[in-house]
Amino acid sequence: GKRIGFFETVAEALADSDVDTIVLTGEVEGFKVDRDVTIKGGTINSTTIPATSGNIGIYVPANVTGVVFDGVKIVGADDAKIGIETGANVELTVKNSEISGFTTGIYLNPGSVLTATGNTISNTVAGIGSDKADLTGEVSGNTFNNCTSEGIGLYLPIKADGTVMSKQEADALAETLVSANNFKDCGTEVQVYGDLEEETGIEGLDADGKRIGFFETVAEALADSD
């Protein structure tokens, strides 16, 4: 938490390997985050970032982990597409932040993992969009307001082990996300997309009611001590 210095741009701050946390005290244009860092506060305005979907707020390229946004405000302008866009296999945390005025508030590409708590995502087509991404962790306490298509879209969602969920697992995840977050004036709260396989078998739950998995026989379920 010791101050290293002041920087003219976020890129300059990111280029200093000693910087662990960047504190934004005013407005900045959108930028790319290419390493693990925590970014706090400030207002981030959308702009055109090369190699992305276009006019976005923040881009986190593939395989970057440990990126945290805490208490930031990301604002879209005309034709703004995505508030925060990830490449593949990104680990992203967004908390206590506001994202508004985008086609999609947060978009996760395959293999990416999201932790999102206490955020407000508003005036979008989709609040969170995902393609073979993992939203099984803590995605709770968020408010989705006026997301005209859906608050959260799940295309072939994956489990923590990286395998694609079954239809039953994806529907259960959708129910969990609906109950853990707040939705207002959204076309759909949580929408599941993609051709997911149907599970045939027996569902096993632990003592807290959390799904352990599906089993082919009762004997297999009984053999699992959990």
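Student: Under which conventions are the values given?

Tutor: Residues are numbered from 1 along each chain as its sequence is written, and side-chain values use heavy atoms, with hydrogens and water left out. The model is predicted, so totals for chains, interfaces and linings use all residues, whereas side-chain atom pairs count only at pLDDT 80 or more and local features need pLDDT of at least 70.

Student: How many helices and strands does the protein have?

Tutor: Both kinds of element are DSSP runs numbered from the N terminus, with helices (H or I) of at least four residues and strands (E) of at least two. On that basis the count is three helices and 21 strands.

Student: What is the radius of gyration of the protein, and what does the globule rule give?

Tutor: The radius is taken over C-alpha atoms, and the rule is 2.2 Å times the number of residues to the power 0.38. The two values are close, so the protein is as compact as a globular protein of that length.

Student: What percentage of the residues is buried?

Tutor: Buried means under 20% relative accessible area, exposed over 50%, and partly exposed in between (1.4 Å probe, protein chains only). Of the 226 residues in the protein, the buried share is 43%.

Student: Which residues have the most contacts inside the largest nonpolar core?

Tutor: A nonpolar core is a set of buried Ala, Val, Leu, Ile, Met, Phe, Trp, Tyr and Cys residues joined through side-chain atoms within 4.5 Å. The largest such core has 49 residues. Leaving aside neighbours within four places in sequence, one of its members, Phe-69, is in contact (heavy atoms within 4.5 Å) with residues including Phe-31, Ile-58 and Leu-92. The residues with the most contacts inside the core are Phe-69 and Leu-92.

Student: Is Gly-41 buried or exposed?

Tutor: Gly-41 is found in the loop between strand E4 (37–40) and strand E5 (43–45). Apart from neighbours within four places in sequence, Gly-41 is in contact with Leu-24, Asp-70, Gly-71 and Val-72. Because its relative accessibility is 18%, Gly-41 counts as buried.

Student: How far apart in space are Thr-136 and Thr-176, C-alpha to C-alpha?

Tutor: Thr-136 is found in the loop between strand E15 (120–131) and strand E16 (139–140), and at 35% relative accessibility it counts as partly exposed. Thr-136 and Thr-176 are 40 residues apart in sequence. Their C-alpha separation is 9.1 Å.

Student: What is the phi of Leu-156?

Tutor: Most residues other than glycine have a negative phi. Leu-156, which is not a glycine, has a positive one. This residue, Leu-156, is in the loop between strand E17 (143–155) and helix H2 (167–180), and is buried at 12% relative accessibility. The phi of Leu-156 is about 45°.

Student: Which residues does Gly-194 touch, not counting residues up to four places away in sequence?

Tutor: Gly-194 is placed in the loop between strand E19 (188–193) and strand E20 (202–205). With a relative accessible area of 43%, Gly-194 is partly exposed. The C-alpha atoms of Gly-194 and Leu-154 are 8.4 Å apart, although 40 residues separate the two in sequence. The residues touched by Gly-194 are Tyr-155 and Leu-156.
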